[in-house]
Amino acid sequence: MKKLVISIVLVNLLAACASEKPKAPEAAAPVPPPVVTAPAPEAAPAPAPVVEVDSLNDPASILAKRSVYYPFDVSAVQDADKPIVVAHAKYLSEHPDRNVRVEGNADERGSNEYNLALGQRRADGVKQMLVLGGAKASQIETVSYGEEKPKATGHDEASWSQNRRSDIKY
Amino acid sequence: MALRPSTELMELLAIRLSPQAGKSLVIRTGLLQSMLGLLLLAQASVASAVLTIEIIGAGEHQIPVAIVPFGGDGKLAQTINEVVTGDLQRSGLFRLVDPAGKSPHELAEVSYPDWQMRGADALAIGTVALQNNGRIEARFRLLDVVKQTELAGQSVSANDDQVRAVGHRVADLIYEKLTGDKGVFSTRIAYVNRQGKKFSLMVADSDGYNEQTVLAQNEPIMSPAWSPDGSHLVYVSFETGHAAIYVQSLYTNQRMVLADFRGSNSAPAWSPDGKQLAVVLTRDGSSQIYLIRPDGSGIRRITFSAAIDTEPNFSPDGQSLLFTSDRGGSAQIYSMPVGGGAEQRITFGEGNNFSPRYSPDGKGFVYAHFSNGKFYIAAQDFQNGQVEILTAGGWEKKPSFAPNGKLILFASEARGRGILATVSSDGRVQQHMFTQSGDAREPVWGPHL
């Protein structure tokens with residue numbers, strides 16, 4: 001029983017790692033033709049009795065939300081987004097073996113260096129709220145990308161509002 | 001990539017005053033430039049830049065000067081003419097007089113009345129040839145048309161792939177003789193090029209040509225800054241997943257980590273004596289300014305606010321710093337002694353202000369001014385506090401002075417691309433430099449070599 005739980009967690013971890021990786025280049029290697037072989041008998045998947053559902057992977061859970069957004073030149077988590085951070089704080093306090101990386105971002109209005117500092121302050125603000133909510137500081141790493149890694153590249157509020165953001169990444 | 005300089009190679013950019021000018025002094029452009037030239041030579045993979053340069057506006061008091069395309073090797077002469085005229089125009093201080101119909105190359109061929117008629121105050125003539133040893137030799141004279149005398153006569157020699165360097169040297173000599181200020185056309189600039197997710201740290205000639213890649217990666221690069229002797233760049237790289245500061249030699253490409261504490265390590269600035277850097281760290285909380293030695297030792301915090309303090313820049317005498325802070329509620333420029341304490345806000349009024357840089361004479365500073373959704377390049381005088389907006393406004397960021405204080409380099413945007421731009425310090429002449437591809441960001445002008 002215990003073994004199964006661990007392996008589920010492991011799979012989750014791997015999935016989380018995979019999602020962190022940069023996207024593959026567009027000119028991806030051609031897909032090899034399917035190899036038709038009889039499945040090895042030992043590879044038959046056992047019907048796994050699910051003993052514990054990790055709420056982190058439940059798309060209906062508030063934990064599926066991993067980003068918080070900010071007004072211009074503001075680094076405090078907004079009231080509307082506070083339940084998200086609080087939920088992650090609770091999850092982290094209940095899962096002391098899990099770690100997160102909080103990545104702060106800024107829109108392009110400001111110098112690159114000011115925006116790096118602003119993104120860091122946003123990420124550190126999320127960390128502070130996670131710690132207040134029960135997470136340990138050692139579970140949380142904060143970084144800033146400033147305006148260097150925009151999610152949306154337009155020069156308008158529609159893009160800027162998406163780039164003023166902190167992401168909580170497991 | 002490490003290259004050993006040899007005596008012969010160090011002659012690369014040696015410049016001799018011509019015997020005709022009655023002098024036999026040999027001027028070296030310096031070990032560094034020679035070595036840099038070497039390093040750049042070795043980076044054969046780098047494509048030579050195709051630039052489009054647009055010049056906008058004209059200076060108030062322009063010196064009318066005629067540049068006659070050099071005689072001799074036609075192809076070399078054409079490149080030199082393009083470089084010299086481009087440099088002089090970009091400065092905003094010269095009006096180029098069309099030499100149409102007249103093409104003297106030797107002193108004996110010059111008829112001064114021809115040039116007085118055309119309204120030229122000065123005339124540059126010369127010849128260029130490819131020597132048997134593969135080197136370019138250009139001889140040129142600068143003549144005072146009004147007084148009918150020779151102002152300068154020089155011979156410039158360089159390797160055959162350094163023809164643009166010959167042009168910049170000729171332009172520097174003309175500039176110096178006619179304005180009394182040191183020319184900056186032979187200096188270099190650094191900037192970051194972003195193309196999709198690829199970031200490249202670039203070094204190029206002052207006109208944007210001859211670009212060379214110092215570092216290329218798929219993680220952001222920010223905030224390049226030159227060591228005072230031009231031998232090293234310090235910059236911010238995200239290669240380990242967060243902002244850390246690296247120092248890289250332009251001789252050997254060797255690099256080392258200067259600061260890699262938790263959080264962000266950024267905004268490096270070298271002190272004028274080269275003995276320390278100001279950096280911004282978040283290791284103790286918010287973004288604060290620290291001093292650190294070039295080997296990463298002796299770290300010392302010098303600002304103690306709960307706000308963002310960033311973008312430190314040393315005064316030319318090394319005694320003071322300008323920096324950006326939002327301690328007053330929005331981003332503004334502040335000054336402080338390098339030793340700490342006595343911080344003072346120095347920009348006021350509408351909008352936010354960023355990225356301060358002292359002028360080389362220390363009498364004022366330039367910065368990026370943001371108001372009503374636009375960035376402008378602005379200058380402010382310390383004595384009277386007067387602010388001058390130098391550009392029309394747009395997406396204009398990160399200004400830095402040429403070492404002679406007469407031109408300001410900044411990042412701009414045109415036709416949907418990040419480009420490099422310069423503006424004369426009186427705001428009258430602007431130049432846009434379109435690099436081959438991608439977005440040019442965060443340019444910084446290097447020192448005299």
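I'll start with one residue, Arg109(A), which is buried at a relative accessible area of 15%. Keep in mind throughout that this is a predicted model.

What does the side chain of Arg109(A) meet in a salt bridge? The partner is Asp107(A), with N to O at 2.8 Å. Asp107(A) is buried as well, and its relative accessible area is 3%. The cut-off for buried is under 20%, so Arg109(A) at 15% and Asp107(A) at 3% both qualify.

Searching the whole structure gives 2 cavities of 30 Å³ or more.

H3(A) has 21 residues, and from first C-alpha to last it reaches 30 Å, close to the 30 Å expected at 1.5 Å a residue. Of those 21 residues, 15 are buried, which means H3(A) is largely enclosed by the rest of the structure. Just after the helix, Gly134(A) adopts a positive phi of about 120°.

Back to charges for a moment. How many salt bridges does a search of the whole structure find over all chains? The total is 28.

In one of them, Glu137(B) pairs with Arg139(B), and the closest N and O atoms are 3.4 Å apart. Arg139(B) is partly exposed, with a relative accessible area of 39%.

In the other, the side chains of Arg141(B) and Glu150(B) meet at 2.8 Å, N to O. Is Arg141(B) buried or exposed? Its relative accessibility is 18%, so Arg141(B) counts as buried. Glu150(B) is partly exposed, at 32% relative accessible area. Salt bridges with shared partners also build a network in chain A, joining Arg101(A), Glu103(A), Glu141(A) and Lys169(A).

In strand E11 (residues 198-205) of chain B, 7 of the 8 residues are buried, so the strand is largely enclosed by the rest of the structure.

E11(B) pairs with strand E10 (residues 188-195) of chain B over 8 bridges, in the antiparallel sense. Within that pairing, Phe199(B) in E11(B) stands opposite Arg194(B). The hairpin of E10(B) and E11(B) has 2 residues between the strands, and Gly196(B) takes a positive phi near 60° there.

E11(B) also runs antiparallel to strand E12 (residues 212-217) of chain B, joined by 5 bridges. Here Met202(B) stands opposite Thr213(B) in E12(B). The hairpin of E11(B) and E12(B) has 6 residues between the strands, and Gly208(B) in the turn has a positive phi of about 90°.

Two open sheets remain, both in chain B.

The order of one is E17-E18-E19-E20 (chain B), 4 strands with antiparallel pairing. Which strands are at its edges? They are strand E17 (265-270) and strand E20 (300-301) of chain B, each pairing on one side only. Strand E18 (residues 277-281) and strand E19 (residues 288-292) of chain B run antiparallel and are joined by 5 bridges. Val279(B) has Tyr290(B) in E19(B) as its bridge partner.

The other sheet has 4 strands in the order E21-E22-E23-E24 (chain B), and its pairing is antiparallel. Strand E21 (309-314) and strand E24 (344-345) of chain B are at the edges, each with a single partner strand, so each has one side without a neighbour in the sheet. The antiparallel pairing of E21(B) with strand E22 (residues 320-325) of chain B covers 4 bridges. Phe314(B) has Leu321(B) in E22(B) as its bridge partner.

That is where I'll stop.

Definitions and conventions
Residues are numbered from 1 along each chain as its sequence is written. Chains are lettered from A and ligands numbered from 1 in the order in which they are written. This is a predicted model: local features need pLDDT of at least 70, side-chain atom pairs count only at pLDDT 80 or more; totals for chains, interfaces and linings use all residues. Side-chain values use heavy atoms; hydrogens and water are left out. On a 1 Å grid over the protein atoms alone, a cavity is a set of points where a 1.4 Å probe fits but cannot get out, and a pocket is an open set with protein on both sides within 12 Å along at least five of seven lines; lining residues have an atom within 4 Å of a point. Grid points are joined across faces, edges and corners, and a volume is the space filled by probe spheres set on the points. The expected span of a helix is 1.5 Å times one less than its number of residues. Buried means under 20% relative accessible area, exposed over 50%, partly exposed in between (1.4 Å probe, protein chains only). Two strands pair if DSSP finds at least two bridges between them. A salt bridge is a side-chain nitrogen of Lys or Arg within 4 Å of a carboxyl oxygen of Asp or Glu.
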